[in-house]
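Could you walk me through this structure, one feature at a time? I would like to learn how to read each one.

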Amino acid sequence: MWPSDSNDHRLTRRNIIIFSSLLLGSLAILLTLLLIRTKDQYYELRDFALGTSVRIVVSSQKINPRTIAEAILEDMKRITYKFSFTDERSVVKRINDHPDEWVEVDEETYSLIKAACAFAELTDGAFDPALGRLLELWGFTGNYENLRVPSPEEIEEALKHTGYKNVLFDDKNMRVMVKNGAKIDLGGIAKGYALDRARQIALSFDENATGFVEAGGDIRVIGPKFGKYPWVIGVKNPREDGVIDYIYLKSGAVATSGDYERYFVVDGVRYHHILDPSTGYPARGVWSVTVIAEDATTADALSTAGFVMAGKDWRKVTLDFPNMGAHPLIVLEGGAIEKSETFKLFERE
């Protein structure tokens, strides 16, 4: 027996209502997924600045993230020449070219050089922003076209004209002076400063922007991934491809100083650019030092200081650095790894 026409009609209407409800539900889910996907989109920009490759990854719901990334890149290029050791536009070169004279500088320059000297005091000179004459002697300035091993006599003479205590400040008039033939080199801190500036720029466009900025392996987090997850960051193996550890950061910064990027080899001996201010020679006993800190300026300066110090006493670095807000991982010569207890906190999500 077939159902009556009236029953068929009611069934069809009910089916239409059910089908329509399902269709609307599906559309709502699809729209929600599309909105979530739009929200999570990251714009990535790669280029060259600060003497190395840079990578900017940023997301914003308020403004086109490409606008943010391009503003960050432009600022990185500005910092590159402004604090260069050799560029004619550089304020550092202007100071170095006028020894024993007060040189007026802008607030940004004054603050950065003062911060660099403060890190020198904090680390008993292991980090030193006035090693320019020694770096010049070894050829670790400009385009590294004159790399060579200086004679002991040359190093001894250059050591007489180095050291942050040769940098003087005039707070009242915002002036800087180098004396005794010393030369400022901000290579150990300018990159970290540029990364911190990058975060500030991103947040000036959108206080809820997320992402990260990387320069030569050093990273400053802008904000957590998708607004709530940590970024997974690999710590480079200093002698082989690949990584030796992973860390998880929702904020803060990480920087590594190693002997594997800027170096040359003579008679089987590797000579790198991280000089020990007390000897004038490349620091020994360590392959790399990675430091996690709340900001990239601190991470950058203290990874350099840690490299110089760890070859002499790595325990002191792992014990003392956390008191400065820095959490180190050290790869000693030979490959043994040492780290602070606080560093281990970043090895898990």
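**Reading the model step by step**

A: Helices (H or I, at least four residues) and strands (E, at least two) are DSSP runs, numbered from the N terminus. This is a predicted model, in which local features need pLDDT of at least 70 and side-chain atom pairs count only at pLDDT 80 or more, while totals for chains, interfaces and linings use all residues. Residues are numbered from 1 along each chain as its sequence is written, and side-chain values use heavy atoms, with hydrogens and water left out.

Q: Is Val269 buried, exposed or partly exposed, and which residues does Val269 touch?
A: Buried means under 20% relative accessible area, exposed over 50%, and partly exposed in between (1.4 Å probe, protein chains only). With a relative accessible area of 34%, Val269 is partly exposed. Contact means heavy atoms within 4.5 Å. Not counting residues up to four places away in sequence, Val269 touches Phe264 and Arg284.

Q: Where is Asp75, and is Asp75 buried or exposed?
A: Asp75 sits in helix α2. Its relative accessibility is 8%, so Asp75 counts as buried. Leaving aside neighbours within four places in sequence, Asp75 is in contact with Arg197 and Ile201.

Q: How do I read a sheet, and in what order do the eight strands come?
A: Two strands pair if DSSP finds at least two bridges between them. Here eight strands form an open sheet, in the order β1-β2-β6-β7-β10-β13-β14-β15, with antiparallel pairing. At the edges stand β1 (43-49) and β15 (337-339), each with a single partner strand, so one side of each has no neighbour in the sheet. Axes are lines fitted to C-alpha atoms, for helices over the stretch in contact, and angles run from 0 to 180 degrees between N-to-C directions. On average, neighbouring strands of this sheet are turned by 10° against each other, direction ignored.

Q: How many bridges join β7 to β10?
A: There are two, and these strands run antiparallel. Arg220 stands opposite Ala253 in β10.

Q: Which helices pack on the sheet?
A: α2 does, touching β1, β2 (52-59) and β6, and its direction makes about 15° with that of β1. α7 lies across β2, β6 and β7, running at about 15° to β7.

Q: What counts as a pocket, and how much space lies in the largest pocket?
A: On a 1 Å grid over the protein atoms alone, a pocket is an open set of points where a 1.4 Å probe fits, with protein on both sides within 12 Å along at least five of seven lines; lining residues have an atom within 4 Å of a point. Grid points are joined across faces, edges and corners, and a volume is the space filled by probe spheres set on the points. The largest pocket holds about 1100 Å³. Its lining has 42 residues, and Tyr144, Asp185, Gly187, Gly188 and Arg262 lie nearest its centre. The elements giving two or more residues to this lining are α2 (65-82), α7 (190-205), β10 (253-258) and α8 (296-320).
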